Amino acid sequence: MQKNVKPCYYSDYLQLNKLLDAQHPESKNYGEEAHDEMLFILVHQAYELWFKQILHEINAILPVLSQKQVPEKALSTINLRLERIHKIQEVLVNQIDIMETMTPLDFLDFRDYLIPASGFQSIQFKEIEIILGLKSEFRINFDKESFYSRLNEKDRNHLMALEEAPSLYDAVENWLARMPFLEFGDFNFWEQYQAAVKIMLDNDEKTLQEADYLTEGEKRFQLNDLTNTRANFDALLDKDKYAELKQQGVFRMSQEATLSAIFINLYREQPMLTAPFRLLQALVELDVNFTLWRSRHVDMVMRMIGNKIGTGGSSGHDYLRQTTMNNKFFRDLMNITTFLIPRSALPELPQDVIDALNF
């Protein structure tokens, strides 16, 4: 390994003069500095540093997963980078514990000096959302366009250009849709899967009909739920029904991609599907972690300002609660479990498919 030809000094390498001189409380411009504003600034600066690393990881993953052929060894690297993002997300959540050492009255000492600054204006977090696939058309109403009006022209143009670029969601969907094992020679997995699902649901219906421990009302409720489950499975495998539900927003991924994701989940123990399964699980965990972070943030905002309007003009707590519930990246992957069936009911794969799924 080549050694450096010039000594590297710790503070110069980390540019600590810049970093440690980047905290300028707004409150001291109007009188005595509010003590807890320093904490507020540092926590948010730390968030932005971690956002930068998350973007660094996603921007490394995206071009690899966007290739027409993704090498198997590349999936291991992608999974490791996603695991790193998970660890960073844990830090993001835990930083809220530090922020919550500040009381509501401490926050009110400087809050009004921050208007109209807001988390809306975190360009890096919006970048993360857009690159992961949460573009304007998939946001809640307030968030679709309103946050753009709170940005300067340079940042607005930058994010709007990202809206037009392929996202990680697009790359994952296209990668899944190309999976070759669903129809392999004379083998059509979905015909056998559909037959297995019918047997499973027929048995469930028979069990409910014979369940003496249920009242008639409870039985009707559960049978109605079973009817809805049948309809979900029917739509999954019917191109026209699937397209109709996709139009309604029930599904977002293409039918081909969804079916591939289900196949990977059902046969994840096959050697060639292990890394793809880990990848799908890592994307779901990424979504879950951001939801947890949003949820903790909602609780903190309620604790700090109650139902007051946010500094950026949103409805504060109510808006954040809606984003927690609705702003998901990989909802379809999270819903895959709806279509899983027990191992005992899984169609047996032909030997030539098993051979193809081995390295």
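This is a predicted model: local features need pLDDT of at least 70, side-chain atom pairs count only at pLDDT 80 or more; totals for chains, interfaces and linings use all residues.
**View 1. The lining of the second largest pocket is made up of eleven nonpolar, one polar and three charged residues.** Helix α14 gives the most, with three residues.

**View 2. Helix α3 packs against helix α4 at an angle of about 165°.** Here you can follow α3 through residues 37-65 and α4 through residues 72-99, with 10 Å between their axes. An angle over 145° counts as roughly antiparallel, so that is how α3 runs relative to α4. The crossing of the two helices is left-handed. What kinds of residues make up the contact of α3 with α4? There are 24 nonpolar residues, together with three polar and three charged ones.

**View 3. A salt bridge joins R81 and E57.** The closest N and O atoms of R81 and E57 are 3.9 Å apart. Side chains of opposite charge can pair when their charged atoms come close. Because R81 lies in helix α4 and E57 in helix α3, the pair ties together parts that are 24 residues apart in sequence. Across the whole structure, a search finds 13 salt bridges.

**View 4. Helix α3 also meets helix α6, which spans residues 123-132.** The axes of α3 and α6 come within 9 Å of each other, and they cross at roughly 25°. Are these two helices roughly parallel or roughly antiparallel? Angles under 35° count as roughly parallel, and α3 and α6 are therefore roughly parallel to each other. Their crossing is left-handed, and the crossing of α3 and α4 is left-handed too.

**View 5. Five residues, F251, T258, D332, N335 and F339, line the largest cavity.** How many cavities of 30 Å³ or more does a search of the whole structure find? The search finds one. About 30 Å³ of space lies in the largest cavity. Sorted by class, its lining has two nonpolar, two polar and one charged residue.

**View 6. The peptide bond from I115 to P116 is cis.** Now zoom in on the backbone. The omega angle of this bond is near 0°.

**View 7. Q15 has a positive phi, near 50°.** This last stop is another backbone detail. Q15 is a residue other than glycine, and you will find Q15 in the loop between α1 (10-13) and α2 (16-19). Most residues other than glycine have a negative phi, and most peptide bonds are trans.

Technical notes:
Residues are numbered from 1 along each chain as its sequence is written. Side-chain values use heavy atoms; hydrogens and water are left out. Axes are lines fitted to C-alpha atoms, for helices over the stretch in contact, and angles run from 0 to 180 degrees between N-to-C directions. Helices (H or I, at least four residues) and strands (E, at least two) are DSSP runs, numbered from the N terminus. Angles under 35 degrees count as roughly parallel, over 145 as roughly antiparallel, 65 to 115 as roughly perpendicular and the rest as oblique. A crossing is left-handed if the near helix is turned anticlockwise from the far one by less than a right angle, and right-handed if clockwise. Ala, Val, Leu, Ile, Met, Phe, Trp, Tyr, Cys and Pro count as nonpolar, Asp, Glu, Lys and Arg as charged, and the others, Gly among them, as polar. A salt bridge is a side-chain nitrogen of Lys or Arg within 4 Å of a carboxyl oxygen of Asp or Glu. On a 1 Å grid over the protein atoms alone, a cavity is a set of points where a 1.4 Å probe fits but cannot get out, and a pocket is an open set with protein on both sides within 12 Å along at least five of seven lines; lining residues have an atom within 4 Å of a point. Grid points are joined across faces, edges and corners, and a volume is the space filled by probe spheres set on the points.
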